[in-house]
Amino acid sequence: MSQHRATPYFGIAALLYLFQLLYNYFGHGVTSVFLSYAWVIAFASGLLLLVFNKLTPRAVTRFGFISFNTGIAALIFWSILTGILSIAGSDSPYLVVYLYIALISFISSGFNFLKHLHI
């Protein structure tokens with residue numbers, strides 16, 4: 001995996017940061033921690049991919065990368081929706097599905113990474 005796969009995460013983090021700024025601006029002073037820091041998930045994921053690329057460049061397979069992306073997308077959607085619903089003063093029992101999807105995707109990606117790790 002080359003380093004260029006990690007750079008879109010930083011662009012997504014910048015877009016999420018701008019999104020939360022606009023949402024907080026028009027939110028009449030009501031904010032949510034989940035919405036305010038959703039960009040950190042994408043930024044930290046980009047850093048994590050850069051570190052894994054430096055340490056073990058051959059261990060990240062296509063399936064592992066797609067599974068990792070699915071987990072990150074599920075976490076970001078969970079964070080944004082939780083933030084929006086908490087600002088609205090509401091809640092949904094279905095938000096936990098995003099966490100389950102993220103957990104299953106990260107476990108799958110981790111097993112795939114360990115399977116292809118050549119030490």
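Two notes on method. Residues are numbered from 1 along each chain as its sequence is written, and side-chain values use heavy atoms, with hydrogens and water left out. Since the model is predicted, local features need pLDDT of at least 70 and side-chain atom pairs count only at pLDDT 80 or more, while totals for chains, interfaces and linings use all residues.

I'll start with the overall layout. The protein has 5 helices and 0 strands, where helices (H or I, at least four residues) and strands (E, at least two) are DSSP runs numbered from the N terminus. The order from the N terminus is therefore plain to write, α-α-α-α-α. Taken along the principal axes, the C-alpha atoms fill a box of roughly 55 × 30 × 15 Å.

Next, the surface. Accessible areas come from the Shrake-Rupley method with a 1.4 Å probe, and for residues only the protein chains shown count as cover. The protein's accessible surface is about 7600 Å², and carbon and sulfur atoms account for 74% of that. Of the 119 residues, 34% count as buried; buried means under 20% relative accessible area, exposed means over 50%, and partly exposed is in between (1.4 Å probe, protein chains only).

As for contacts, meaning heavy atoms within 4.5 Å, consider pairs of residues at least 6 apart in sequence: 79% of their contacts join residues at least 24 apart.

Now helix α4, residues 62-88. The expected span of a helix is 1.5 Å times one less than its number of residues. For the 27 residues of α4 that gives 39 Å, and the end C-alpha atoms are 39 Å apart, so the two agree. After α4 comes Gly89, with a positive phi near 80 degrees.

On to helix α1, residues 7-25, which holds Gln20. Is Gln20 buried or exposed? Gln20 is buried, at a relative accessible area of 5%. Neighbours within four places in sequence aside, Gln20 contacts Leu35, Ser36 and Trp39.

Phe19 is also placed in α1, but Phe19 is partly exposed, with a relative accessible area of 35%. With neighbours within four places again left out, Phe19 is in contact with Leu35 and Ile80. By C-alpha atoms, Phe19 lies 23 Å from Val96, and the two are 77 residues apart in sequence.

That leaves the aromatic pairs. Rings of Phe, Tyr and Trp (its six-membered ring) pair if their centres lie within 6.5 Å; planes under 30 degrees apart count as stacked, over 60 as edge-to-face and the rest as tilted. The count by this rule is 8 aromatic pairs. One of them is Tyr17 with Trp39: the ring centres are 5.5 Å apart and the planes stand at 85 degrees, so this pair is edge-to-face. The pair links distant parts of the chain, with Tyr17 in α1 and Trp39 in helix α3 (residues 38-55), 22 residues apart. Tyr17 is partly exposed at 37% relative accessibility, and Trp39 is partly exposed at 23%.

Phe19 and Tyr23 form a tilted pair, 5.8 Å centre to centre with 45 degrees between the planes. These two residues are separated by about one helical turn, because they are 4 residues apart in α1. Tyr23 is partly exposed, with a relative accessible area of 29%.

Which residues do ring pairs link into a cluster? They are Phe10, Tyr17, Trp39 and Phe43.
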